Amino acid sequence: MNVGIATLGCKVNQYESQVMMENLLAHGFEQADAGEPADVFIINSCTVTATGDKKVRQTVRRARRENPGAVIILTGCMPQAFPEECQAIQEADIIIGNSNRAGLIRYIEEFMRSHQRIIDIQPHGRTYGGECSVSGMNERTRAYIKIEDGCNRFCSYCIIPYARGRVRSRSLEDIAEEARRIGQKFREVVLVGINLSAYGSDIGTGLSEAVRAVASAEGIERVRLGSLEPDLTPDALIEELATIPAFCPQFHLAIQSGCDETLRRMNRHYDTAQFRHVCEKIRATFDNPSITTDIMVGFAGETDEEFARSVAFAKEIGFARAHVFAYSRRKGTRADSFPDQVDEHLKSLRSEQMMNATSQSAAEFLHSQLGRTVNILCEREVEPGVFEGYTENYTPARIRGNSLGGRILPAQVAEVGDGYVICRAL
């Protein structure tokens with residue numbers, strides 16, 4: 001039987017889809033080619049926003065149309081957070097949550113025998129487990145390693161603690177073993193988690209130890225981190241990371257708002273002063289780091305004055321790149337019932353203004369790279385003889401050459417293009 005997977009959402013979901021696929025292949029299934037009808041089709045869902053739920057439903061229905069005889073499986077965050085809503089999606093034959101995917105093959109076999117719909121959504125456990133590791137990420141030039149699951153923070157707008165459970169950390173030994181396998185094929189690894197900054201808080205270790213465990217694996221030359229929480233990025237962690245030669249100085253710190261009043265309503269656990277300090281410490285500790293972020297506009301109760309403060313703070317920090325998005329009300333969260341919800345038209349205007357502000361700082365960051373010596377992990381050929389990839393601090397870069405895919409090359413930044421730098425090989 002051949003298998004297709006549609007993955008919606010974050011890097012953790014991408015990793016978990018790879019886990020499912022490798023497990024199925026190890027048990028005799030085959031991966032369906034793109035456009036080929038599948039015997040089994042899996043939708044690994046995201047439920048961060050109501051729009052995301054709508055996309056999940058559309059993906060399930062499209063999977064049924066394009067694979068009429070397939071076993072359709074819905075898994076991931078949406079069934080875990082909203083089991084009753086998912087039961088109403090009749091096109092799905094098997095519906096399971098995040099916590100019991102290890103039984104995927106058993107569920108398929110059971111459905112093939114009985115042809116009776118299966119719905120089994122189990123609560124999360126207290127410890128990390130139930131998943132195997134991966135050997136890579138399909139055709140990518142970098143691999144992900146998931147080291148943590150769950151979140152204890154309960155931001156007022158976020159459903160993820162309900163979809164993912166509490167913080168659960170993977171053992172250093174397990175992480176190191178996966179890194180040894182991945183190092184046989186990949187030069188760069190990204191460590192990911194639902195609340196990556198909380199790694200180790202439940203098992204008596206920490207994030208820098210996980211970075212060291214991966215960096216020590218033969219073949220791995222670069223290690224970078226996914227999104228971090230500002231209040232869980234203390235000076236000591238920054239200093240420890242700077243002692244690891246393979247660590248890439250790119251920090252994605254999700255600020256969400258540059259206004260303290262808005263941050264309090266969001267139930268974020270820091271203020272702008274603490275965020276500023278973390279950025280200053282990173283820039284004082286690392287040579288040529290980049291700081292990227294996520295910024296939300298139009299959160300419930302956000303006034304014109306609060307938004308203006310958020311824009312001003314974003315300009316002050318000078319992010320290398322920012323993902324700007326409008327607040328989306330989410331059933332099941334406290335913020336859904338907050339008064340003074342911002343209308344959609346105003347959200348759209350604020351999104352545009354914030355994007356203009358952050359695109360200017362992004363352009364300034366690219367120009368600050370001119371003349372620097374960098375190392376580029378070449379990922380894809382964008383035109384004959386021109387490869388695109390990323391530097392240590394995750395600056396998009398292009399370089400001329402032949403058969404460069406997967407190689408790390410020293411180069412000098414010579415020009416700035418449209419959202420990337422142009423480099424000359426050294």
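Modeller: Two residues are in contact when heavy atoms of theirs lie within 4.5 Å. This is a predicted model, in which local features need pLDDT of at least 70 and side-chain atom pairs count only at pLDDT 80 or more, while totals for chains, interfaces and linings use all residues. Residues are numbered from 1 along each chain as its sequence is written, and side-chain values use heavy atoms, with hydrogens and water left out.

Biologist: Which residues does Q256 touch, not counting residues up to four places away in sequence?

Modeller: With those sequence neighbours set aside, Q256 touches Y157, M266, R268, Y270, D294, I295, M296 and F325. Q256 itself lies in the loop between strand 12 (250-253) and helix 10 (260-266), where helices (H or I, at least four residues) and strands (E, at least two) are DSSP runs numbered from the N terminus.

Biologist: Why is Q256 called buried?

Modeller: Buried means under 20% relative accessible area, exposed means over 50%, and partly exposed is in between (1.4 Å probe, protein chains only). Q256 has 9% relative accessibility, so Q256 counts as buried. A312 in helix 12 has a relative accessible area of 45%, and therefore A312 is partly exposed. Across the protein chain, 54% of the 426 residues count as buried.

Biologist: What makes F154 and Y162 an edge-to-face pair?

Modeller: The structure holds 11 aromatic pairs, and in the one formed by F154 and Y162 the centres are 5.5 Å apart with 80° between the planes. Rings of Phe, Tyr and Trp (its six-membered ring) pair if their centres lie within 6.5 Å, and planes under 30 degrees apart count as stacked, over 60 as edge-to-face and the rest as tilted; so this pair is edge-to-face. F154, at 25% relative accessibility, counts as partly exposed, and Y162, at 44%, is partly exposed too.

Biologist: Why is the pair of F299 and Y327 called edge-to-face, and what does this pair tie together?

Modeller: The ring centres of F299 and Y327 are 4.9 Å apart and the planes stand at 75°, so the pair is edge-to-face. F299 lies in the loop between strand 13 (290-297) and helix 12 (304-317), whereas Y327 lies in the loop between strand 14 (321-326) and helix 13 (344-368), so the pair ties together parts that are 28 residues apart in sequence. F299, at 0% relative accessibility, counts as buried, and Y327 is buried with 3%. Ring pairs also link F299 and Y327 with Y157 and F338 into a cluster.

Biologist: How do you know that R398 lies over the face of Y420?

Modeller: A charge sits over a ring if NZ of Lys or CZ of Arg is within 6 Å of the ring centre and within 35 degrees of the ring normal. R398 lies over the face of Y420 at 4.1 Å from the ring centre, and R106 lies over the face of Y107 at 4.6 Å.

Biologist: How do you know that strand 16 and strand 17 pair?

Modeller: Two strands pair if DSSP finds at least two bridges between them, and 5 bridges join strand 16 (residues 386-390) to strand 17 (residues 396-400), so these antiparallel strands qualify. E388 stands opposite R398 in strand 17. Both strands belong to a closed barrel of 5 strands that runs 15-16-17-19-18, with mixed pairing.

Biologist: Why does the radius of gyration agree with that of a compact globule?

Modeller: The radius is taken over C-alpha atoms, and the globule rule is 2.2 Å times the number of residues to the power 0.38. With 426 residues, a compact globule would have a radius near 22 Å, and the protein chain has 22 Å, so the two agree.
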